[in-house]
Amino acid sequence: MPQVFIDGQPYEFEEGGKLLQFCLDQGIEIPHFCYHPALSVPANCRQCQVKAGLPARDRATGELVTDENGLPVINYFPKPQTSCSLDLVDGMVVHTQYDSEEVAAIQADNLEMMLINHPLDCPICDQAGQCPLQNQAYKYGPEGSRFEFEKVHKPKRVQLGPNVVLDAERCINCTRCTRFTAEVTESHQLSIVNRGDKNYPMTAPGQILDDPYSMNVCDLCPVGALTEDYFRFKARVWEMSKTPSVSDFGAKGINVDYWVRDNQILRITPRANLDVNEYWMPDAARLVYERYNENRLQGARVNGAAVAWETAYDEAARVLKDADGSVLFLGSAWATVEDNYLLTKLADTVGGEVLGYIPYHEEGRGDGWLISDDRAPNAQGCERLGIRALDASLLQSKLAGASVLYVLDDDPVAAGVLSGADLEGVTVILHASHATNETLPHAAVAFPAAMCVETIGTYVNEAGRAQRLRPAKMIRSMNRSLMMAMGTGQSRIDRGGTPFDRWHDVTNKVDCLPGWTVIPELADRLGRPMHYKGPERVMDELAETNPAFTGATYPAMDLLGVALEDIGEPA
Amino acid sequence: MADTPTLLTGETKAGDWRNYERVILPPIKDLHKIEVYEDHGGYDALRAVVKDGKFDPKGLTDEVKASGLRGRGGAGFSTGLKWSFMPPVDPEKPRYLCCNGDESEPGTFKDRQIFEYNPHLMIEGIVLACYAMTIKTCYLYIRGEYIDYVHHVQKAVDEAYAKGYVGKNVLGTDFSTDIVVHWGAGAYICGEETSLMNSLEGKRAYPRIKPPFPAQAGCWGMPTTINNVETLADVPLIVNRGAEWFASIGPEKHTGPVLYGISGHVNRPGVYEYPTGMLITDLLEIAGGARGGKRIKAVVPGGSSTPPLTWDMAEPATMDAETLREAGSSMGTAGLCFLDEDTDMVSFTRRIAHFYHHESCGQCTPCRDGTGWLEKLLTRIDEGEGYTRDLGLLLELCDQMEGRTVCALADAAAWPVRWGIRRFRDEFEAKCKAAAFAGASLGDGSALETGELTPTGTPTT
Ligand SMILES: Cc1cc2nc3c(=O)[nH]c(=O)nc-3n(C[C@H](O)[C@H](O)[C@H](O)COP(=O)(O)O)c2cc1C
Ligand code: SF4
Ligand code: SF4
Ligand code: FES
């Protein structure tokens, strides 16, 4: 294998790569701004420069030239090289800022230049705390500035489109944003305008940045020049915890980070998963954040009245036990695999039937990329459990002879599969996340349901990839499983909370519970206890017993998920 | 260096230049008209090569190599060698020639003479170059501000098409090539070769990183060669009179006729055609000497980016790459600017710095921000508000810019500042306040050093 020597250490490499990415893969940090693995390499920020050379070869024989000590003679490039654009070559010798003062000085010089026209308004900048410029300036920059002039002024607070705001003074002109619209979405909505230190990204005159993926430029922007309109000035990044999980926006299974302060979701950003969403997510999937905070159903109810959870469990168990007609169950494409699986077990316990899940598939809704035709996140998980897309007419005909309808995390009335009148003769037990749920008025027993941001579980995306949900915010009564999972994979400062975190602020903790807590309570009362020490064990059992979930254990799924065996089209 | 004899002999290397007969811009009336051009042997070279088989493509490339022709666009690279970098013809891949007529370097105004007075020489050169490299399309990129020349040259190209010198089946042979006149985007940076290609493709004129070089991936990612207008205009002359003739003009390593653009404080500024290797003093004489009988203090020999020479340095120097390198500057575009004793070198340097600040494309950090910083410091000094220590800072900023960017504009911006200060330091210091900081009164000169700004720190990691 070819070798490259970085700061005196040999490393083997695969042909075809560039030095910067190789170093980053080896854990050798080289400061950089314009480079992004999913975009072309313009090498324009000039931050990643290193000293590099190649072993000298005899022109005639092609043999390596050695010095008097038998060591290869290195011909260094006369100029420093941008590592992001430098091809790895066998025998190449590289000196980074770690062992070359010259390189360290070059990088510091570059940062000094970068900062002379940067407003340094970190105290009021949303990017502060997660800013590559701030971080790298502290690590690799000069200790001060020798610039004594007024900085260049550029437009500020420019609403580029519905979701993105530009502060051109902060821009360091890395062109990541323009390359994104040119190369990734090909909407070409952003371009750099003007020249030299006056330039900044802008839309064409009369145009706006309304690319459905526009907010990815905010994630790409290495400074606070591009910010998400909905999130501006909402919270400092260090006041929030950031939890790696999966979005419930559609069946793509977009990997995300949920940003939480005071048990409220304030921001959703994409998390890189090259097999799913790469580095991106659509704007629409971010703008759902309020759904997790607002209009939540709080506290168990029996016939509309608030009751203790125990009372609701007793009542639901009684209803199920006393049913004198058939008991119908609806699974849910919004609920996790674990919850749906427990629901099938509960149905077995009472001899009921799981009729299916309400499908949210709308032909043509998607964009062929990260917006799926399927609005719900886990239809594929249901299918793999043998729960099929519901036939509404079948449900209505069965309802005639039924006495109980048990609905997991859904709203059949709003979905249009049932009307209020249809429900008159049956007792409805409902898990519902929102107070606005239209089936709720018809429910005899209602269990407020934890949403994807509050639970532990698994979604299977439309491509058959099983991915883990982690709790990003606390609910009123945290149990042992949730406590243990809380903060796993979170950013370091948030582990266990920070002084700014009002994790214990009870006002924002929703009084709800995950299905995997509620269903076993009912099973207990029905005399068929489920002995799981938390949802992880539920998944262990499925991975063991159901070939459609082989391999999908929590450790295996970890942060990037597991591609499940193809089970073919549903029968 | 001790044993290499100096090139700064003070003697001309241009031979009998006083009897030189112009070949690029010969004194022929209405030469821009195709009939007149034809009457004076125009398109004979093309006929000889394409039709009569005087050279095959490789033979023509070798002939150009043998002539010693070096690019007239600024970098002075061997033209024949550049042509030979083109990969073998791949029928799947179109190949392009770009003729660089962006001419924007201050002090450079020679290509426009060719556009105006002898466009067919350039057109003939283009078709020959296309033949040598088996290229079917040439983009002739003309500076955006040269609106009249765009039309003028287009007319000449149309005439050449009509006469069968360009287009399908050149002179009835099976060699075909097109010339597309492209109106430039009006920025200095569009003249940088890869930037020109982006501009041509309709993109923002950002220079590209190299590698890949244009011969590997140029316009639209296809093999491309780019040459200056004057460079290509030399090609028919080489074909007609032979490489040997061309190589016999001027010094051995930098041969041929050159259009010297002379400006500044001289009596007759203008474009003068002479051999390479002319003494700068002779060129001053040709341009009618210094205006008002003044003493010349400095010369910028090759366009605004080339380091200025003091008169002492310029006097023994001749206009060819090797000699000018030894003298401490470079040939650039052979656009000489003479500055007389009344010139304020600080103001002059400031004005140049303004140009590069204005024209930096803004891609690279050191160039985008460095050019502005240079200008701001020079402005302050020029206005009497600068400090002596600003000179040290300026030199350090030049270090921080040179050789660290995508294209050579940052170097072009740094050189005049660096060498202006190095060579005319007295003038700069005379305009500076002696104190290191405002209000700080320093007793003696040595204390000047103590008022340093925060040095660029090295990282603590
Ligand atoms: C900033 C910059 C501007 C340039 N402008 C021009 C120009 O206006 N005209 C030109 O012929 N070459 C210009 N050049 C040089 C070209 O990049 C290129 O070297 C030249 O066109 C090659 O032609 P030649 O080999 O015939 O000289 C410029 C280079 C730089 C770095
Ligand atoms: S706005 Fe941000 S992403 Fe776009 S060029 Fe400027 S710094 Fe880069
Ligand atoms: S050196 Fe200057 S002009 Fe050249 S690419 Fe970089 S920023 Fe643009
Ligand atoms: S990361 Fe290499 S130049 Fe920007």
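## Chain and domain contacts at a glance

Five salt bridges (a side-chain nitrogen of Lys or Arg within 4 Å of a carboxyl oxygen of Asp or Glu) cross the interface of chain B and chain A. Welcome to a predicted model, in which local features need pLDDT of at least 70, side-chain atom pairs count only at pLDDT 80 or more, and totals for chains, interfaces and linings use all residues. Residues are numbered from 1 along each chain as its sequence is written, chains are lettered from A and ligands numbered from 1 in the order in which they are written, and side-chain values use heavy atoms, with hydrogens and water left out.

**Chain B with chain A**

- One salt bridge joins the side chains of Arg404(B) and Asp109(A), at 2.9 Å from N to O.
- Each partner brings 43 residues to the contact (heavy atoms within 4.5 Å).
- About 3700 Å² is buried between the two chains, 54% of it on carbon and sulfur atoms; buried area is the accessible area (1.4 Å probe) that two parts lose on being put together, summed over both.
- Trp373(B), Lys376(B) and Arg404(B) lose the most area on the chain B side, together 18% of what that side buries.
- The side of chain B that touches chain A holds 15 nonpolar, 18 polar and 10 charged residues, where Ala, Val, Leu, Ile, Met, Phe, Trp, Tyr, Cys and Pro count as nonpolar, Asp, Glu, Lys and Arg as charged, and the others, Gly among them, as polar.

**Ligand shells**

- Ligand 3 is surrounded by 13 residues, the closest being Cys361(B), Gln363(B), Cys364(B), Cys367(B) and Cys407(B); a residue is near if one of its heavy atoms lies within 4 Å.
- This shell around ligand 3 has nine nonpolar, four polar and no charged residues.
- Around ligand 2 there are 13 residues, with Cys171(A), Cys174(A), Thr175(A), Cys177(A) and Cys221(A) coming nearest.
- The ligand 2 shell divides into 10 nonpolar, two polar and one charged residues.

**Domains 2 and 3 of chain B**

- Chain B is divided into domain 1 (23-247), domain 2 (257-340) and domain 3 (345-440), with bounds from an automatic or database domain assignment.
- The C-alpha centres of domain 2 and domain 3 of chain B lie 23 Å apart, and the contact takes 13 residues from domain 2 and 12 residues from domain 3.
- These two domains of chain B bury about 1000 Å² between them, 69% of it on carbon and sulfur atoms.
- Within domain 2 of chain B, Ser304(B), Ser305(B) and Pro308(B) lose the most area to domain 3, together 44% of what that side buries.
- One salt bridge is counted between domain 2 and domain 3 of chain B.
- Lys297(B) and Glu427(B) form a salt bridge, their closest N and O atoms being 2.6 Å apart.
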